[in-house]
Amino acid sequence: MIKDLVGDSYAPSTVLERYSYRTIKSDPTMVLSLDPPCRSFADYLSRLTAKYRSKIKKIGKTLEQAGYREERVADLAPIEQQLHALYLQVESRAAVRLATIPCGYFSAMQAALGDRFVCSVIRNDEAIVGFVTTVIDGSEAIGYYVGVDYAVNAELPVYLRLLQLVIADGTAAGCTTISLGRTAL
């Protein structure tokens, strides 16, 4: 797979068609540029108008009032199966599925990338209902994989809060660009 060929690189890439490559249309990647850099999620919020700041805070408060909390997870191994099950809920709904990652992938990424790999979860005392992983690549934070319990998400803004956690993880790492992926739009 070769992704995101645009501009001057697109025309020469058509030679790949003779090798059975084909074009797939995709949504644009949602990218947030922070100039000047934010040093925290609170710093990010302070730049927003009161209306948007209030909407973001309401999402967090709604989840909190329903008994959910957010956590960064330092060791994914004990919860790997829960994360994989949530990932599969999202993967099963994807229009294009090039591969399904195996259970153990998130722990392996955490081991390989160390502090450049962040996993944030939304949970209550019984279960994790959502997670998002963020890869820190220099000055860019990339929202990498997400998993959501769609039954809970139908009642509460879990997915929206996960996107906000990518911003929080990126600003905490001092990133100036936050990539939220194609489905975030």
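A residue is called buried here when its relative accessible area is under 20%, and exposed when that value is over 50%. By this cut-off, 38% of the 185 residues of the protein chain count as buried. The model is a predicted one.

The protein chain contains seven helices and six strands. Its radius of gyration is 18 Å, close to the 16 Å that the globule rule gives for 185 residues, so the chain is as compact as a globular protein of that length. Read from the N terminus, the elements follow the order α-β-α-α-β-α-α-β-β-β-α-α-β. Along the principal axes, the C-alpha atoms fill a box of roughly 55 × 40 × 30 Å. Among contacts with a separation of 6 or more, 62% join residues 24 or more positions apart.

As for the surface, the protein chain exposes about 11,000 Å², of which carbon and sulfur atoms supply 53%.

Phe106 gives a view of the interior. This residue lies in helix H5, which covers residues 105-113. Phe106 counts as buried because its relative accessibility is 0%, and the cut-off for buried is under 20%. Leaving aside residues up to four places away in sequence, Phe106 touches Leu76, Glu80, Leu83, His84, Tyr87, Ile101, Phe117, Phe131, Thr133 and Tyr145. Ile79 is 27 residues from Phe106 in sequence, and their C-alpha atoms are 9.9 Å apart in space.

The charged side chains come next. Side chains of opposite charge can pair when their charged atoms come close. The structure holds six salt bridges. One of them is formed by the side chains of Asp43 and Arg47, at 3.9 Å from N to O. Asp43 is partly exposed, with a relative accessible area of 23%, and Arg47 is also partly exposed, at 37%.

Glu71 takes part in two of the salt bridges described here. With Arg69 the N to O distance is 2.9 Å, and with Arg123 the N to O distance is 3.9 Å. Arg123 lies in strand S3 (residues 117-123) and Glu71 in strand S2 (residues 69-72), so their pair ties together parts that are 52 residues apart in sequence. Salt bridges with shared partners join Arg69, Glu71, Arg123 and Asp125 into one network.

How values were computed: Residues are numbered from 1 along each chain as its sequence is written. This is a predicted model: local features need pLDDT of at least 70, side-chain atom pairs count only at pLDDT 80 or more; totals for chains, interfaces and linings use all residues. Side-chain values use heavy atoms; hydrogens and water are left out. Helices (H or I, at least four residues) and strands (E, at least two) are DSSP runs, numbered from the N terminus. Buried means under 20% relative accessible area, exposed over 50%, partly exposed in between (1.4 Å probe, protein chains only). Contact means heavy atoms within 4.5 Å. The radius of gyration is taken over C-alpha atoms; the globule rule is 2.2 Å times the number of residues to the power 0.38. Accessible areas come from the Shrake-Rupley method with a 1.4 Å probe; for residues, only the protein chains shown count as cover. A salt bridge is a side-chain nitrogen of Lys or Arg within 4 Å of a carboxyl oxygen of Asp or Glu.
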